[in-house]
Amino acid sequence: MRSSFVVTMVLAVAFASAAPLAAQARAGDGFLFAQPRVSLKFETGYGFQRAQGDIFDFVIEEHTLERSDFSSPYFGGEIGFRVDERWDVAIGVGFQKSSTRSEFRDLIGTDGLPIEQVTELRLVPVVASAKYYLKPRGRSIGRFAWIPETVVPYVSGGVGMMSYRFEQDGEFVDYETYDIFYDNFRSERQTFLVRAAAGVDITVGERFVLNGEARYNYARGELSDDFSGFGDIDLDGLQLTAGISIRF
């Protein structure tokens, strides 16, 4: 429920922030003198992490964490280059980070207080993608005018690198002595990423385009020695984004 509310609010803010630009764009003449070749997009949204596998199972069983705690708001940008009427290539970068306070589920300190820690998951994907539009994005009128189509859906796929950091900082229990100690466990590395996406562009003027996209990232990464004995960390996740593009 909390995640759905956050998604709704994030997407609403994104479209609301684009409204003044849309109104300004509509005041223009409605066409360009040439087809745009470059687009620059700014986006925000929410990333829903799968949070499956050994490490997530362990921390959720031991601490007051849920799988949804590893989902978080997403922010990013993308620059796209037109190849032809139906194809673009693009390079994008994003950022999302969850940070959740927790405590041991079944143990408390000798002082009767919870044994507390903070668990964080930070993701920074950098992706090169190819985007195919399902209909022409506009039409030429004579030699000197190009009129953009209002609504154009697309699909895309890409590959890239995911920088990730999984970290727990706070109090922990030595299960041999049941002593409580403070520590910081961290794994910070990079791994290969594959992405599939579908979305829609909505023209609101000669230069401005509203965008909505659903994408799925597939990535697995090794954990550092701080988490030895666990398998690869599952970084798969669905992202829902809304953004605005400026085309040149």
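Isoleucine 79 counts as partly exposed, because its relative accessibility is 31%. The terms here are these: buried is under 20% relative accessible area, exposed is over 50%, and partly exposed lies in between, with a 1.4 Å probe and protein chains only. Isoleucine 79 is found in strand β2. Strands are DSSP runs of E with at least two residues, helices are runs of H or I with at least four, and both are numbered from the N terminus.

Before I go on, the basis. This is a predicted model, in which local features need pLDDT of at least 70 and side-chain atom pairs count only at pLDDT 80 or more, while totals for chains, interfaces and linings use all residues. Residues are numbered from 1 along each chain as its sequence is written, and side-chain values use heavy atoms, with hydrogens and water left out.

Back to isoleucine 79. This residue is one of a nonpolar surface patch whose members also include Leu40, Phe42, Trp87 and Phe248. Together the patch residues have about 950 Å² of accessible area. A patch takes residues with over 30% relative accessible area and no salt bridge; nonpolar side chains (Val, Leu, Ile, Met, Phe, Trp, Tyr) are joined within 5 Å, and like charges within 9 Å. Areas come from the Shrake-Rupley method with a 1.4 Å probe, and for residues only the protein chains shown count as cover. Which strands each supply at least two residues of the patch? They are β1 (38–49), β2 and β3 (87–108). Strand β3 gives the most, with four residues.

Now the chain as a whole. Its secondary structure comes to two helices and 12 strands. From the N terminus on, the order is α-β-α-β-β-β-β-β-β-β-β-β-β-β. Of the 248 residues, 45% count as buried. The accessible surface comes to about 12,700 Å², and 60% of that belongs to carbon and sulfur atoms. A contact means heavy atoms within 4.5 Å. Of the contacts with a separation of 6 or more, 70% are between residues 24 or more positions apart.

Next, the aromatic rings. Rings of Phe, Tyr and Trp (its six-membered ring) pair if their centres lie within 6.5 Å; planes under 30 degrees apart are stacked, over 60 edge-to-face, and the rest tilted. That rule gives 12 aromatic pairs. One of them is phenylalanine 56 with phenylalanine 70, edge-to-face, at 4.8 Å centre to centre and 70 degrees between the planes. Phenylalanine 56 sits in helix α2 (residues 54–62) and phenylalanine 70 in the loop between α2 and β2 (72–82), so to speak of sequence, 14 residues apart. Both phenylalanine 56 and phenylalanine 70 are buried.

Why is the pair of phenylalanine 172 and phenylalanine 185 edge-to-face? Their ring centres are 5.0 Å apart and the planes stand at 85 degrees, so the pair falls in that class. Phenylalanine 172 is in strand β7 (residues 151–173) and phenylalanine 185 in strand β8 (residues 180–203), 13 residues apart. Phenylalanine 172 counts as buried because its relative accessibility is 6%. Ring pairs link Phe56, Phe70, Phe166, Phe172, Phe181, Phe185 and Phe227 into a cluster.

There is also a charge over a ring, a term that needs NZ of Lys or CZ of Arg within 6 Å of the ring centre and within 35 degrees of the ring normal. Lysine 131 lies over the face of tyrosine 154, at 4.6 Å from the ring centre.

Last, the salt bridges. Side chains of opposite charge can pair when their charged atoms come close. The cut-off is a side-chain nitrogen of Lys or Arg within 4 Å of a carboxyl oxygen of Asp or Glu. How many salt bridges does this rule give? The count is 23.

Aspartate 236 and arginine 50 meet in a salt bridge, with N to O at 3.8 Å. Aspartate 236 lies in the loop between β11 (233–234) and β12 (237–247) and arginine 50 in the loop between β1 and α2, so the pair ties together parts 186 residues apart in sequence. Aspartate 236 is buried, at 3% relative accessibility, whereas arginine 50 is partly exposed, at 36%.

Aspartate 57 and arginine 67 form another salt bridge, at 2.8 Å, N to O. Aspartate 57 belongs to helix α2 and arginine 67 to the loop between α2 and β2, 10 residues apart. Aspartate 57 is partly exposed, at 35%, and arginine 67 is partly exposed, at 29%.

Arginine 82 and glutamate 85 also meet in a salt bridge, at 3.5 Å, N to O. Is arginine 82 buried or exposed? Arginine 82 counts as buried, at 13% relative accessibility, while glutamate 85 is partly exposed, at 21%. Elsewhere, salt bridges that share partners join Lys97, Glu120, Arg122, Arg165, Glu167, Arg186 and Glu188 into one network.
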